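Come along and keep the viewer open while I go through it.

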Amino acid sequence: MKLSNEQSEIIKASQQFREGEILKIDACAGSGKTSTLVEIVKANPRKEFLYLAFNRSIADKAGSIFPSNCVAMTIHSLAFRHLFHRQKPFLGNIKVSDLREHFSLLNNYKLYELLMQYKAFLNSDEDVIPTRGIQRIFNLVSEGKLPCMHDHYLKIFEMLPPEEQGLSEQFDCILIDESQDANPVMLNILRKASCSKIFVGDSHQSIYGFRGAINALASQEASVVKHLSISFRSTQEVLDKANRYVSFFNNEVYDGQVPYIQMKCHSQAVELRNEQHAIITRTNSKLVDVIAEYIDTPDEVLLLKRPEDVFKMPIAVYEFIHKRRRNFFGDLAFLNDFKNKNELEDYAEETGDNEINVAIRIADKYKKMLYVMKNKAAMMNSPKAPVVLTNAHTSKGLEWKSVQIEDDFPDLGDVYARCYLAPVEDTNLMESLPLVERRSMVFYDFLQELNLYYVAITRAQMEVTDLSVNGKYDTEEELSKHRDTCMAKYIKIMRA
């Protein structure tokens with residue numbers, strides 16, 4: 001493999017590593033992150049490496065390409081192997097119905113609240129179990145009366161002292177791939193290890209904030225910071241589109257304090273690795289519209305999302321509006337708070353909730369046909385189909401010859417203005433934080449949307465068709481004017 005200058009610098013830096021030092025590699029989409037890590041391991045044959053991924057298939061693939069001085073696994077596998085040598089736990093997800101017989105005095109809503117509190121603790125870096133209810137769930141899991149969730153045993157491993165975890169004794173260096181997707185419990189495990197660590201990822205692919213991910217590339221201090229800005233995936237035309245949006249808004253959000261490294265194409269002769277055309281939506285609900293276009297030719301389409309997930313919200317909203325249903329629970333329980341369609345529409349408009357806005361339109365458009373379409377969608381499962389349907393979250397890590405971005409991606413200028421003008425709840429806390437951390441909190445929702453848009457664009461190798469409102473702006477000057485227009489609109493609303 002012929003290394004780029006950026007890759008050569010990273011290899012050299014890894015060879016000069018001292019115990020406990022940390023290297024961060026902020027790598028753009030398609031820049032060869034994994035192949036760079038392989039070269040690091042090859043360049044340090046006397047060191048023992050641990051490669052950690054957050055996805056089983058990625059870890060398995062890595063295990064087949066890394067040299068023998070590197071062990072590859074998921075962070076959950078690491079914890080599982082340490083905790084369970086002989087007797088395996090009863091694995092599975094805990095549902096509200098599982099809790100009912102053990103918490104008989106609580107109704108479904110209270111049980112759901114307790115389950116959410118338990119899951120939040122599993123993903124936190126807290127070492128003390130906060131409530132009796134969560135402690136009781138822990139006890140029931142250990143007794144085999146409730147299934148053991150994967151995040152449960154990961155949390156148990158995280159709570160162990162570092163000498164019991166034994167990572168520093170086994171390895172000289174830990175490689176953390178896709179580290180922008182790490183959550184607090186994962187980071188705490190890594191911080192307890194005193195060996196060297198290399199965090200690799202793409203700050204602009206941090207899209208799992210709703211799962212508790214906190215972007216280790218932004219939060220983790222490092223001895224050395226390097227970049228991979230050469231893309232081996234996309235043409236320069238595709239990269240320029242992503243560069244334009246991220247560069248402009250990155251400068252706006254961080255007031256010029258965080259430089260953006262422009263992505264560059266490795267070669268104009270891009271090696272085409274996937275002939276398929278992908279249609280990428282922002283929301284699950286919008287996928288229903290796209291599925292409708294292929295309802296009579298399901299063999300021509302591969303749907304990457306489960307039909308149950310795609311149709312969940314639109315069907316629930318249809319039943320709320322047209323069947324007057326009012327007994328939703330779980331993540332749909334919020335629908336019980338509204339009296340009618342108008343109240344739900346007002347809420348979606350006031351909060352900028354695009355998923356609900358699209359779901360309302362889909363529910364009104366298709367009504368009872370939603371049930372038929374859901375069954376048809378289950379037939380869209382041919383891996384070699386010429387067209388792939390997915391949303392932005394599921395598209396991450398994949399690539400296609402061409403990509404069509406659907407029109408349900410929110411207006412980035414609009415979301416930026418909402419965040420900029422939103423009232424700050426704790427001004428004292430905000431003023432005490434460094435500028436970058438403060439701005440990351442203020443613009444949290446905006447950055448998630450900007451990153452999803454970036455992910456969608458950079459899935460394309462050769463061509464992007466952008467049907468979203470954002471596709472209208474071809475220069476940073478046009479983006480600036482649009483941003484100002486959105487700001488003026490919300491200032492007028494606030495003054496009214």
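This is a predicted model: local features need pLDDT of at least 70, side-chain atom pairs count only at pLDDT 80 or more; totals for chains, interfaces and linings use all residues.

**Entry 1: overall build.** I looked up the secondary structure next and found 24 helices and 13 strands in the chain. For the outline, I noted that the C-alpha atoms fill a box of roughly 65 × 60 × 55 Å along the principal axes. Does the radius of gyration agree or disagree with a compact globule? It agrees, because a compact globule of 496 residues would come near 23 Å and the chain has 24 Å.

**Entry 2: surface and charge.** I wrote down that buried residues make up 51% of the 496 in the chain. The accessible surface comes to about 24,300 Å², and carbon and sulfur atoms hold 49% of that. I also looked up the charges: the chain has 61 positive and 69 negative ones, and their mean positions are 4 Å apart.

**Entry 3: cysteines.** How many disulfides does a search of the whole structure find? The search finds zero. I wanted to see why, so I went to two of the cysteines. For Cys-70, the closest cysteine sulfur is in Cys-173, and at 9.1 Å it is too far for a bond. Cys-173 in turn has its closest cysteine sulfur in Cys-195, at 6.8 Å, again too far for a bond. A disulfide here needs the two sulfur atoms within 2.5 Å. On burial, I noted Cys-70 as buried at 9% relative accessibility, and Cys-173 as buried at 2%.

**Entry 4: Ser-14.** I moved to helix 1, residues 5-15, where Ser-14 has its place. Is Ser-14 buried or exposed? Its relative accessible area is 3%, so I put Ser-14 down as buried. Setting aside residues up to four places away in sequence, I found that Ser-14 touches Ile-40, Asn-44 and Lys-47.

**Entry 5: Ile-315 and helix 15.** Ile-315 sits in helix 15, which covers residues 307-322. With 11% relative accessibility, Ile-315 counts as buried. Which residues is Ile-315 in contact with, leaving aside its neighbours within four places in sequence? I listed Leu-370, Tyr-371 and Lys-374. I also checked Tyr-366, which is 51 residues from Ile-315 along the chain; their C-alpha atoms are separated by 9.7 Å.

**Entry 6: two positive phi angles.** Background for this entry: most residues other than glycine have a negative phi. I picked out Arg-324, whose phi is positive, near 55°. Where does Arg-324 lie? I found Arg-324 in the loop between helix 15 and helix 16, the latter being 341-351. Arg-324 counts as exposed, at 58% relative accessibility.

Lys-367 went into the notebook too, with a positive phi near 45°. This lysine lies in the loop between helix 17 (354-366) and helix 18 (369-377). I noted Lys-367 as partly exposed, since its relative accessible area is 35%.

**Entry 7: Gln-448.** Helix 23 spans residues 444-457, and Gln-448 lies in it. At 14% relative accessibility, I count Gln-448 as buried, the cut-off being under 20%. I then looked up Gln-205: Gln-448 and Gln-205 are 243 residues apart in sequence, with 8.7 Å between their C-alpha atoms.

**Entry 8: Tyr-473.** My last stop was the loop between strand 13 (460-466) and helix 24 (476-495), where Tyr-473 is found. Is Tyr-473 buried or exposed? Tyr-473 has 12% relative accessibility and so counts as buried. Leaving aside neighbours within four places in sequence, I found Tyr-473 in contact with Arg-244, Tyr-245, Glu-478, Leu-479 and His-482. I also compared positions with Lys-241, which is 232 residues away from Tyr-473 along the chain: their C-alpha atoms are separated by 9.8 Å.

How values were computed:
Residues are numbered from 1 along each chain as its sequence is written. Side-chain values use heavy atoms; hydrogens and water are left out. Helices (H or I, at least four residues) and strands (E, at least two) are DSSP runs, numbered from the N terminus. The radius of gyration is taken over C-alpha atoms; the globule rule is 2.2 Å times the number of residues to the power 0.38. Buried means under 20% relative accessible area, exposed over 50%, partly exposed in between (1.4 Å probe, protein chains only). Accessible areas come from the Shrake-Rupley method with a 1.4 Å probe; for residues, only the protein chains shown count as cover. Lys and Arg count as positive and Asp and Glu as negative; His and the chain ends are not counted. The place of a charge is taken as NZ of Lys, CZ of Arg, CG of Asp or CD of Glu. Contact means heavy atoms within 4.5 Å.
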